[in-house]
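Please read the points alongside the coordinates.

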Amino acid sequence: MSSRTFPRVRVVVPTNGERPEYLEQCLASVTRQREPVDVVIVGPAQAVPALREAAERHQCRFLVEDDRGLSNAVNQGWRDATTEYLAWLGDDDLLTEGSLTSASDELDRVPEVAMAYGRLVIIDAAGRALYTVRPGTFASWFFRYGQNFVGQPGSLYRRTAVQRVGALDPALRYAMDFDLHLRLLQGGGMVYLPRVLGCFRVHPSSLTVTNPRPHDEKRRVMRRHLGRNALRLESCWWPIARGVSGAWGVTTKSGVIEATARNVNGLRAVARAARCC
């Protein structure tokens, strides 16, 4: 157990209350951390009774969302934070044992960086491991060219860095983490931990699976942060970057969005069928 008695990390769990079994697993993975954690659940008014009960069971706080959308919910949960570090976790994802202690210790060790990220296990709807994402330190360089190998579950952010670069962009539906990570990369940089920090769940109703055009928003975000010359030559280097990304994903089982997309074609079909019923 950590010797600390006060939370240095705030974790926000945005949820619409429609996946109670996943939410229970998610909250348990956070509240069982060795690191004391300030956990805030943010959800809609129509789900208040169930979410308040979940918050009481796990000794969390619950806030009724004051605006719609995932980014708004996370921002609301972060708004009054005084902890040193911030994180958020989708209600269908998990933290691994000791994740927050490892990430916060690494940020303590390297005080100049803005965020820490690590390895990620991709799990299916039943929680079975599909494969492990091992992005390595190279990911933080390749990241700026639109190849998202930095997983969000398990990533930890320095609160002062988030306040300096700004929180999540509410206009983004799928690539809000990519946009924040790019801003933090430019505003302090990233440090990589060679251990599994989180689990990313792939299931028919997840945002990754239901996104009909997974690269469009991410590419628009990438263009926000490109230099003038890189933007002018995008048509030349973009196909090369995509090819390198695909090859690396196949050989190393790395790449959250790119490699996952190849493994969830069946889930996309199920999701489309469900929307047609």
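**Notes on the predicted model**

1. Helix α9 (residues 216-225) has Glu217, Lys218, Val221, Met222 and His225 as its buried residues. Buried here means under 20% relative accessible area, exposed means over 50%, and partly exposed lies in between (1.4 Å probe, protein chains only). Helices (H or I, at least four residues) and strands (E, at least two) are DSSP runs, numbered from the N terminus. Viewed down the axis of α9, the buried residues fall within an arc of 140°, so they line one face of the helix. The arc is that of the directions from the helix axis to the C-beta atoms.

2. On provenance, this is a predicted model, in which local features need pLDDT of at least 70 and side-chain atom pairs count only at pLDDT 80 or more, while totals for chains, interfaces and linings use all residues. Residues are numbered from 1 along each chain as its sequence is written, and side-chain values use heavy atoms, with hydrogens and water left out.

3. The overall content of the protein chain is 13 helices and nine strands. Of its 277 residues, 56% are buried. Among contacts between residues at least 6 apart in sequence, 76% join residues at least 24 apart; contact means heavy atoms within 4.5 Å.

4. Helix α2 (residues 48-57) has Val48, Leu51, Ala54 and Ala55 as its buried residues. These cover an arc of only 130° around the axis, which puts them on the same side of α2. Pro49, Glu56 and Arg57 are exposed on the other side of the helix. The elements that cover the buried residues of α2 include α1 (20-31), β2 (37-43) and β3 (61-64).

5. With a relative accessible area of 78%, Gln59 is exposed.

6. The largest nonpolar core has 37 residues, of which Trp78, Trp88, Tyr157 and Leu184 touch the most other members. Helix α7 (residues 176-186) gives the most to this core, with six residues. A second, separate core of 30 residues includes Leu51, Ala55, Phe62 and Leu89. A nonpolar core is a set of buried Ala, Val, Leu, Ile, Met, Phe, Trp, Tyr and Cys residues joined through side-chain atoms within 4.5 Å.

7. Aromatic pairs were assigned as follows: rings of Phe, Tyr and Trp (its six-membered ring) pair if their centres lie within 6.5 Å, with planes under 30 degrees apart counted as stacked, over 60 as edge-to-face and the rest as tilted. By this rule there are four aromatic pairs. In one of them, the ring centres of Trp78 and Tyr157 are 6.0 Å apart and the planes stand at 75°, so the pair is edge-to-face. Trp78 lies in helix α3 and Tyr157 in strand β8 (residues 156-158), so this pair ties together parts that are 79 residues apart in sequence. Trp78 counts as buried at 6% relative accessibility, and Tyr157 does so at 0%.

8. Which pair type do Trp88 and Tyr157 form? Their ring centres are 6.3 Å apart and their planes at 35°, so the pair is tilted. This pair links distant parts of the chain, with Trp88 in strand β4 and Tyr157 in strand β8, 69 residues apart. Both Trp88 and Tyr157 are buried. Trp78, Trp88 and Tyr157 form one aromatic cluster.

9. Thr83 lies in the loop between α3 (70-78) and β4 (85-88). At 7% relative accessibility, Thr83 counts as buried. A polar atom of its side chain lies 3.4 Å from the backbone nitrogen of Arg10. Leaving aside neighbours within four places in sequence, Thr83 is in contact with Pro7, Arg8, Val9, Arg10 and Arg159.

10. Two further features may be inspected. The charged end of Arg201 sits over the ring of Tyr22, 4.0 Å from its centre; the criterion is NZ of Lys or CZ of Arg within 6 Å of the ring centre and within 35 degrees of the ring normal. Pro204, in the loop between β9 (190-201) and α8 (207-210), counts as partly exposed at 30% relative accessibility. Pro204 and Ala125 are 79 residues apart in sequence and 8.1 Å apart in space, C-alpha to C-alpha.

Definitions and conventions. A polar contact is a pair of N or O atoms within 3.5 Å; within protein, one must be able to donate a hydrogen and the other to accept it, and residues adjacent in sequence count only if both atoms are side-chain atoms.
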